[in-house]
Amino acid sequence: TGVSKDYALIQLREYVASQAHGVSFQVVHFEKDYLQGVLDDEGLSFWDYLNSDNSRQRHLWKSAWQRFIEAQEKDQDRHILLCLHGVITRPLTGTRSPVDIGCLADFAPTKIITLIDNVYCKWWKTEKRAEGVILRGVPTLEELLDARRAEVFLGDFIAGHQKVRHYILAVQHPVRTLYRLLFGGKDIKTVYLSFPISGPRRMLEKGNKEGIEEANKFLK
């Protein structure tokens, strides 16, 4: 929570539209597009779902999943970006997952991407969204980090089960990075770059931009 998946996907769609040979894809927001319908039929709010006991939560999730599967046209060759929360973290119940691994195995995902953001940014976003109402969720920094670890663990677990790649992507990356991970083919190599930033920042405080410029040149 607080990563703003919706905004990331809007950026992705705009980027794809700007490409001469862009790909077509369908975005499915699982909770909004299917789970909410199940909750409406049951006369439940989303908060009721979040705070339900584990068995009730899984039952509602699987009902929504069945609707999602039935809505998919058979034998249609297209990319589906399935967006969902892998875990739910609540003050009363702690961290747990409503996801049915068997359902995901049948869906057979080809790639898994966990979006992450700076935990301080996430804290400000969740505080702003809650507007002081605790029910809407005002997680602490520690709770946000715990939930991130659980999401990453679940992504690794599913990826290992399906024998596919799991990427952890910070949303401050250019949208081109997400595009290449999704549609770039098998020749895309994953590289982690690490370089000192404290020294260049201290230099900048003294009016010397050489360190920052060197780092930016290396990245470019």
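S97 is buried in this predicted model, with a relative accessible area of 18%; the cut-off for buried is under 20%. You'll find S97 in the loop that runs between strand 4 (94–96) and helix 5 (101–107). Leave aside residues up to four places away in sequence, and S97 touches N54, R58, G86, V87 and L154. The side chain of S97 also has a polar atom 3.2 Å from the backbone nitrogen of V99.

Now for the cysteines. A disulfide is a covalent bond between the sulfur atoms of two cysteines. How many disulfides does the count come to? The count is 0. Take C103: the closest cysteine sulfur to its own is in C83, and that one sits 18 Å away, so it is too far for a bond. The pair would have to be within 2.5 Å to count. As for burial, C103 counts as buried because its relative accessibility is 13%, while C121, at 32% relative accessibility, counts as partly exposed.

Next, look at how two of the helices meet. Helix 1 (residues 5–18) packs against helix 8 (residues 175–183) with the axes 9 Å apart and an angle of about 80° between them, which means helix 1 is roughly perpendicular to helix 8. On the helix 1 side, the contact is made by A8, Q11, L12, Y15 and V16; helix 8 brings V175, R176, L178, Y179 and L182. Sort the residues in this contact between helix 1 and helix 8 by class and you get 8 nonpolar, 1 polar and 1 charged.

Technical notes:
Residues numbered from 1 in each chain as written. Predicted model: local features only at pLDDT ≥ 70, side-chain atom pairs only at ≥ 80, totals over all residues. Heavy atoms only, no water. Buried < 20%, exposed > 50% of the residue type's maximum accessible area, 1.4 Å probe, protein only. Axes fitted to C-alpha atoms, helices over the stretch in contact; angles between N-to-C directions. Helix = DSSP H or I, 4+ residues; strand = E, 2+ residues; numbered from the N terminus. Parallel < 35°, antiparallel > 145°, perpendicular 65-115°, else oblique. Contact = heavy atoms within 4.5 Å. Nonpolar A, V, L, I, M, F, W, Y, C, P; charged D, E, K, R; others polar. Polar contact = N/O pair within 3.5 Å; in protein donor to acceptor, adjacent residues only side chain to side chain.
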